[in-house]
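The stops below can be followed in order.

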Amino acid sequence: MSDNEQEMAERLPFPENTAFAVDYPGYVMDTEKALCTIGGSEKLARNINEDVGMPIELRYRYKDPTSHPIKGEIVSTQNLLIKVTRRVKKSDRSVVDTSAKVMALIDKSVRFRTLADFQYIVNKSDPLAGISDALSNLDIDKIKQVGSSEAFDQKATATNNYVPAPFLDQYCLPVQLRTRFSVGTSKTGDEKTVDEEARERQPRSSNKPLFHGISIKYSDKTVPEGPTPEAREDRNNIPSHVLERVEAILAQQPVVSRNAMEILLPASECNGIKNSHVLPIFAYLMDKGPWRSCWIRFGYDPRKNPEARMYQILDMRMKSTKTPGSKLRNNRRGSGRVPATENQPLNAVSMHSVTYNEESARQRVGGIFQLLHIEIPLIKELVAYERGWRNSSCEESGWLQPSLLQLIRRKLRVIRKYYEDGAKDKADTFDVNYSELGKQIDGDREKEAEAEATDQLIAERERNAAEGPSQILHERLNARVDTLMPGF
């Protein structure tokens, strides 16, 4: 076999069992003690299953309340738990049979990537150690006994006790310093850094999964009726409950935005399989137009179905107002420091919200929403305004007249601003001038009629050109003969 040829490995079905892993920073000799250092198995399982957002604290001296913890975080992973079996024949020790089996998918992992701070060990006879132990165990009697004893009054002074070292891990994670070259120096084109040379020597990875989906243009005449052969083959490696879930979603709604699909079909319910690997089996994409960034069921053409106006998208993504001097806050999992999020837009996927309503506007939730999922009363009234519907679909505004779609976008921005500022009464009393809207729609209808006439003329010319000039000339001659010599 040549170097360019690669033998494909055997394709196996994806495991349906899930598990989580702990990247423990140390050699584990006793599993029970290792679990005690991270709070116990029950607390660990609760943090992982309920996603409470609290950091995982690792205390090597878990019985010492003054032990400073190393903070870890729970991250989503797509690793595999593989069981490797090694069998050695008794008759011939040189013959070794090794086999591997995929047992489960590791969808979550606990990682400890933060810096370990200095530790301060308190003397056991110190009354501060006694009261810290009592506070951690909520022992009220011991707290009263230690606090009222004469030994505590005599020893608990600044001169007789060591002062603990200050906390040094304010940022927890190492920060990369993006230094720049001095103004007086320059980098020549022949010089290469070590990272650049290593990147050139490193071969490109060929293990990246390929996208087997279909994407069409809005101008294409037909839509695909089924998946590609590669996507059909991928169907055998996806669990049945995932396939049934996707079929049920697309049967109820033939056009689903990517954001909505990530919420309706999260990776946690798909054994870590991404939507881009499952959806090409059932749906296709459209690169432009009012249904871009949407999964469309095979065989369904939204350009020919007027009810598809409810599946059109509105881009509600919002720009961040982060300033260079913004303050830092602790991460929700306690690892690292990130910019503060006051008045920062939230993502619809992270909020697990398919609909856009008053609460979404107040919380500044951004994303791509479909008209079907917008619950603002005025916007729903405008979408249902039949006078603003088109007779045919167009790439600019779909099944809605352009003036109506532009008005929906303007009104939605103003209403969102009212809700953000707490002016709910102004948002509820916001009205539409339908007489002015009607004039704009009449202008759109005239343009639509002109566009339809132009399309018919172009189609007729193309048809005549396909039939050939001789046929056209023959028909004209017959018509002229019938005019000059009726009854001949």
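How many salt bridges does a search of the whole structure find? The search returns 10. The coordinates are a predicted model, and the stops below apply to that model.

**Stop 1: helix α11**

Select residues 358-362, which make up helix α11. Show the side chains of E359 and R362: they meet in a salt bridge, with 2.9 Å from N to O. The two residues are 3 apart in the helix, so about one helical turn separates them. E359 is partly exposed, because its relative accessibility is 40%. R362 has a relative accessible area of 35% and therefore counts as partly exposed too. Side chains of opposite charge can pair when their charged atoms come close.

**Stop 2: E375 and K380**

Move to E375 and K380, whose side chains form a salt bridge at 3.6 Å, N to O. E375 is at 37% relative accessibility and so counts as partly exposed. K380, at 44%, is likewise classed as partly exposed.

**Stop 3: D442 and R387**

Next, select D442 and R387, a salt bridge in which the closest N and O atoms are 3.2 Å apart. This pair links distant parts of the chain, the two residues being 55 residues apart. D442 belongs to helix α15 (residues 434-467), while R387 sits in the loop between α12 (377-383) and β15 (389-394). The relative accessible area of D442 is 33%, which means partly exposed. For R387 the value is 37%, again partly exposed.

**Stop 4: R309**

Look for R309 in the loop between β8 and β9 (313-315). Leaving aside neighbours within four places in sequence, display the contacts of R309: L371, W389, W399 and L400.

**Stop 5: the positive patch**

Select R292, R409, R410 and R413 together; these residues form a positive surface patch. R292 lies in the loop between β7 (283-286) and β8 (294-297). With 35% relative accessibility, R292 counts as partly exposed.

**Stop 6: the nonpolar patch**

Switch to L80, I82, V84 and V102, which form a nonpolar patch on the surface. Together they have about 320 Å² of accessible area. Strand β3 (residues 70-88) gives the most to this patch, contributing 3 residues. V102 is in strand β4 (residues 96-111), and its relative accessible area of 32% makes V102 partly exposed.

**Stop 7: N271**

Finally, center on N271 in the loop between α9 (258-264) and α10 (275-278). Is N271 buried or exposed? It is buried, with a relative accessible area of 6%. Pick the C-alpha atoms of N271 and N17: they are separated by 7.7 Å, although the residues are 254 apart along the chain. Apart from neighbours within four places in sequence, N271 is in contact with F14, P15, E16, T18, L105, P239 and H241.

Terms used
Residues are numbered from 1 along each chain as its sequence is written. This is a predicted model: local features need pLDDT of at least 70, side-chain atom pairs count only at pLDDT 80 or more; totals for chains, interfaces and linings use all residues. Side-chain values use heavy atoms; hydrogens and water are left out. Patches are made of residues with over 30% relative accessible area and no salt bridge: like charges are joined within 9 Å, nonpolar side chains (Val, Leu, Ile, Met, Phe, Trp, Tyr) within 5 Å. Accessible areas come from the Shrake-Rupley method with a 1.4 Å probe; for residues, only the protein chains shown count as cover. A salt bridge is a side-chain nitrogen of Lys or Arg within 4 Å of a carboxyl oxygen of Asp or Glu. Lys and Arg count as positive and Asp and Glu as negative; His and the chain ends are not counted. The place of a charge is taken as NZ of Lys, CZ of Arg, CG of Asp or CD of Glu. Helices (H or I, at least four residues) and strands (E, at least two) are DSSP runs, numbered from the N terminus. Buried means under 20% relative accessible area, exposed over 50%, partly exposed in between (1.4 Å probe, protein chains only). Contact means heavy atoms within 4.5 Å.
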